[in-house]
Amino acid sequence: MKLLLLVTGGRGGSDFFQGLLDNHSQILQFPGLFNNENIFNILSLKNPDDISNEFINTFPNFFNSKFSTSLSKRERHTNLGPKRNKCYKVSKKKFIKNFANICNKNKLTKLDILNNLHIAYDISKSKKKKGKKKIVFVHTHIVEFTKRFIEFMNVKDITIIHTMRNPLSAINSPVKNWLKFEGGKGFLPLSLYFQLDLAFNGIRDLTKLKKDFFIVQLEKLHWKHKKVMNDFCKIFKIKYEKSLEKTTFIGLQWWGDKISKNWISGVNKNFKISIDKNLFYDRDIKFFESLAEDIIKFYKYDFIFGNINKIYLNLLPLKCELIVWKNAIKHKKIKHILSIPYFYLKRILLINKFVIANKYLPYSIGSNSFRRIN
C-alpha cells in the first residue's frame with residue numbers, strides 16, 4: 001500500500017479533502033488529524049495489546065466522535081449527518097481483537113504497525129466497504145510534524161499532498177476567522193507569524209523533504225471538482241467512486257468546522273476568493289503579492305494590483321499585525337505581548353523577497369497536464 005501524507009496550508013481545506021476520501025473502498029484512513037506527539041511512542045511499542053490500548057487512549061475521538069474534546073467539537077464531528085445530530089462509534093473491543101489477529105509477525109516495523117492500525121480500524125467499523133486497499137492516507141496536518149514523522153518512519157515510498165489556496169486568501173481566512181473564534185483568544189503574534197510563514201514558505205519547506213509531492217488547490221477542488229478527483233484517481237491508480245463527491249466521516253455527512261461559523265454542505269461551485277480590506281493596507285497586499293509572485297503565476301491566481309511594485313522589505317507593521325497585537329493586549333496575554341517585538345523582527349528578517357524563493361513548484365492535481373507516479 002502507498003503511504004500518503006496530507007499537509008494543510010492556511011485554511012486550505014485539508015479536512016474537506018480528507019472527508020471526500022472517507023468512504024472510498026481502496027483508501028484506509030482515520031477520521032481526523034494524526035499529528036499527536038504520542039504517535040512516535042505508539043509506533044515504537046512491541047506488544048500488540050499495548051499498541052492498540054495506547055492508540056485508543058491517544059485518539060478516543062476516533063472511537064466515539066461524541067467524546068468531549070475541544071478538537072472534536074471544533075471539527076464538528078459531534079454534528080454529523082443530514083440533521084447535524086449524528087456521531088460515529090467504533091468498537092474498541094473489536095479493534096483490539098482485530099489488531100492482535102493481524103499482528104502475527106514476531107517483529108513489526110513502524111510501517112507494519114501503522115498499516116495494521118488502519119486495517120484493524122477499517123474492519124472494526126460497522127459500515128465498511130470491501131475492496132483491495134491501495135492507499136494509507138494519514139493527515140499529519142502541520143509541516144513541522146510531517147517532517148519529523150517522515151524522519152521517524154524512515155520509509156522511502158512516501159507521497160505528500162499539500163492543500164493550499166490563493167496565498168492572500170491563505171492569510172486572510174485564518175486571520176479573519178481565528179480572530180472571531182472564541183473572541184480571538186487563541187490567535188496571537190506566534191499564530192500570525194505561523195500563518196505568514198506557511199503561506200509563503202510552506203511549499204518550499206515541504207519540497208526540501210524530497211518526496212513525491214502534489215498540490216490540491218482548494219478553489220479548484222470546488223470549481224473543477226470531478227476533474228481534480230478524476231486526476232487524483234489516475235495518479236494513484238484507484239477507481240473513481242461516487243463517494244468522492246461527498247464530504248463525510250465514517251459515512252456521515254460533514255458540515256465544516258466551527259471556525260468559519262458557517263454550515264458547509266460540501267462542494268461549492270460558487271466558492272469565492274475574498275480579501276477583507278479591513279485586515280490589510282494596500283501596501284500589505286502589494287507586499288504579499290511580491291512575495292507570492294511565483295506561486296500566483298504558476299497556479300494561475302489573479303493579482304489584485306496587476307503590475308506589482310517590487311517591495312523587498314516591508315519594515316512598517318502590517319495592518320493585521322497591529323490588529324493581532326491589540327488582540328493580545330485585549331486578552332492580557334503577557335507572554336504574548338512581550339513576544340511582539342520578536343515576531344515582528346522575525347517577520348522582517350525571514351519573510352521578505354530576499355529570503356523567499358521556490359525553486360520548484362509541484363504539480364497541482366486537476367491541471368491540464370496529467371502526471372502519474374510509479
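This tour moves through the model stop by stop, naming what to select and what is found there.

The structure is a predicted model, in which local features need pLDDT of at least 70, side-chain atom pairs count only at pLDDT 80 or more, and totals for chains, interfaces and linings use all residues. Residues are numbered from 1 along each chain as its sequence is written, and side-chain values use heavy atoms, with hydrogens and water left out.

**Strand 1**

Begin with Val7, which lies in strand 1 (residues 2–8). Strands (E, at least two residues) and helices (H or I, at least four) are DSSP runs, numbered from the N terminus. Val7 is buried, with a relative accessible area of 0%. Here buried means under 20% relative accessible area, exposed over 50%, and partly exposed in between, with a 1.4 Å probe and protein chains only.

Thr8 is buried, at a relative accessible area of 8%. From C-alpha to C-alpha, Thr8 and Ile142 are 6.5 Å apart in space, although 134 residues apart in sequence.

**The largest cavity**

Rolling a probe the size of a water molecule over the atoms shows where empty space is left. A search of the whole structure finds 2 cavities of 30 Å³ or more. On a 1 Å grid over the protein atoms alone, a cavity is a set of points where a 1.4 Å probe fits but cannot get out; lining residues have an atom within 4 Å of a point. Grid points are joined across faces, edges and corners, and a volume is the space filled by probe spheres set on the points.

Select Gly9, Gly10, His162, Met164, Arg165 and Ile295, which are among the residues lining the largest cavity. Its volume is about 110 Å³. At least two lining residues come from each of strand 4 (158–164), helix 8 (167–180) and helix 9 (189–207). Helix 9 provides the largest share, 4 residues. By class, this lining holds 7 nonpolar, 4 polar and 1 charged residues. Ala, Val, Leu, Ile, Met, Phe, Trp, Tyr, Cys and Pro count as nonpolar, Asp, Glu, Lys and Arg as charged, and the others, Gly among them, as polar.

**The second largest cavity**

Which residues line the second largest cavity? They are Pro189, Leu192, Tyr193, Leu196, Glu321, Trp325, Phe343, Tyr344 and Arg347. Helix 9 gives the most to this lining, with 4 residues. The lining comprises 7 nonpolar, no polar and 2 charged residues.

**The second largest pocket**

Now turn to the second largest pocket, with a volume of about 540 Å³. A pocket is an open set of grid points with protein on both sides within 12 Å along at least five of seven lines. Select Gln217, Lys220, Tyr299, Lys300 and Tyr301, the closest to its centre of the 25 residues that line it. Helix 10 (218–223), helix 13 (293–298) and strand 8 (363–364) are the elements that give two or more residues to this lining. The largest share, 3 residues, comes from helix 10. The lining has 11 nonpolar, 7 polar and 7 charged residues.

**Helix 11**

Move on to helix 11 (residues 225–235), where His225, Val228, Met229, Asp231, Phe232, Cys233 and Ile235 are buried. Just after this helix, Lys237 takes a positive phi of about 55°.

**Aromatic rings**

A search of the whole structure finds 33 aromatic pairs. Rings of Phe, Tyr and Trp (its six-membered ring) pair if their centres lie within 6.5 Å; planes under 30 degrees apart count as stacked, over 60 as edge-to-face and the rest as tilted. Select Phe249 and Trp254: their ring centres are 5.6 Å apart and their planes stand at 85°, so the pair is edge-to-face. Phe249 is buried, with a relative accessible area of 1%, and Trp254 is buried at 5%.

Finally, select Arg84, which lies over the face of Trp255, at 4.7 Å from the ring centre. Lys110 lies over the face of Phe152, at 4.0 Å from the ring centre. A charge sits over a ring if NZ of Lys or CZ of Arg is within 6 Å of the ring centre and within 35 degrees of the ring normal.
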